[in-house]
Amino acid sequence: MAGYEKINYLDKGIKKYERDILTLGLCDSFLPVSFVENRNMIKGIYDCRNYEKLCDIDRLGCDECLGIMINLINNAVQTERHCIFAEDVDYRIENCFVSRENGDVKFLFIRDSNRISFKEKMLRIMDYMSENLSEKEREVFRKAAAMAEQTESSRAIAGFLESLRRELNETKP
């Protein structure tokens, strides 16, 4: 488990209103953070206790993967309510932290200068997670990815993932 992650933001790497939102904890999508300013640099110190980096987790079940994706989508919707747009956030497995205890998903706030669509970022994370699933579970996850590729609505994707998750749990012995 991680303790703290430090991110150095140069000059305009993070805006004042973003720092305020993150410091006050107004957006649950991101890990709790404190900022330290020093000349032209701002250091963000993120509290990652009780969370594991997604890229460091060896094995996740399909149910956990679907839960992570549902949380990711819900988090992206919430960030947009705070004028932090998904295209501006670097949603990658290295910046993603998961609480295996309660399935919560949080990110470090790192700006994505490439402005890749949220759907593309989401599909990359799904692709990564599917690599470690059993063949049967991978099939369920492929269904989810195929639906996500064809749909523009994040809420519709989350609803489909939720129904897949229910279906998966109903078939468990």
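How far is the sulfur of Cys-96 from the closest cysteine sulfur, and in which residue does that sulfur lie? The distance is 8.9 Å, and the partner is Cys-55. The legends below describe close-up views of a predicted model.

View 1. A disulfide is a covalent bond between the sulfur atoms of two cysteines. A pair of cysteine sulfur atoms has to lie within 2.5 Å to be counted as one. For Cys-96, the closest cysteine sulfur is that of Cys-55, and at 8.9 Å it is too far for a bond. Cys-96 is buried, with 2% relative accessibility, whereas Cys-55 is partly exposed, at a relative accessible area of 27%.

**View 2. Asn-50 in the loop between strands S3 and S4.** Strand S3 covers residues 41–47 and strand S4 residues 52–53, and Asn-50 sits in the loop that separates them. Its phi is positive, about 70 degrees, although Asn-50 is not a glycine. Most residues other than glycine have a negative phi. Asn-50 is exposed, and its relative accessible area is 55%.

**View 3. Cys-83 in the loop between helix H2 and strand S5.** Strand S5 spans residues 96–98, and helix H2 spans 62–81. Cys-83 is a residue other than glycine with a positive phi, near 60 degrees. Cys-83 is partly exposed, with a relative accessible area of 42%.

**View 4. The second largest pocket, with a volume of about 180 Å³.** The lining is made up of 14 residues, and those closest to the centre of the pocket are Ala-86, Phe-118, Lys-119, Glu-152 and Ser-154. Two or more lining residues come from each of helix H2 (62–81), helix H3 (118–130) and helix H5 (154–170).

**View 5. Composition of the lining of the second largest pocket.** Which element gives the largest share of this lining? Helix H2 does, with 4 residues. By residue class, the lining holds 7 nonpolar, 3 polar and 4 charged residues. Among the residues closest to the centre of the pocket are Lys-119 and Glu-152.

Technical notes: Residues are numbered from 1 along each chain as its sequence is written. This is a predicted model: local features need pLDDT of at least 70, side-chain atom pairs count only at pLDDT 80 or more; totals for chains, interfaces and linings use all residues. Side-chain values use heavy atoms; hydrogens and water are left out. On a 1 Å grid over the protein atoms alone, a cavity is a set of points where a 1.4 Å probe fits but cannot get out, and a pocket is an open set with protein on both sides within 12 Å along at least five of seven lines; lining residues have an atom within 4 Å of a point. Grid points are joined across faces, edges and corners, and a volume is the space filled by probe spheres set on the points. Ala, Val, Leu, Ile, Met, Phe, Trp, Tyr, Cys and Pro count as nonpolar, Asp, Glu, Lys and Arg as charged, and the others, Gly among them, as polar. Buried means under 20% relative accessible area, exposed over 50%, partly exposed in between (1.4 Å probe, protein chains only).
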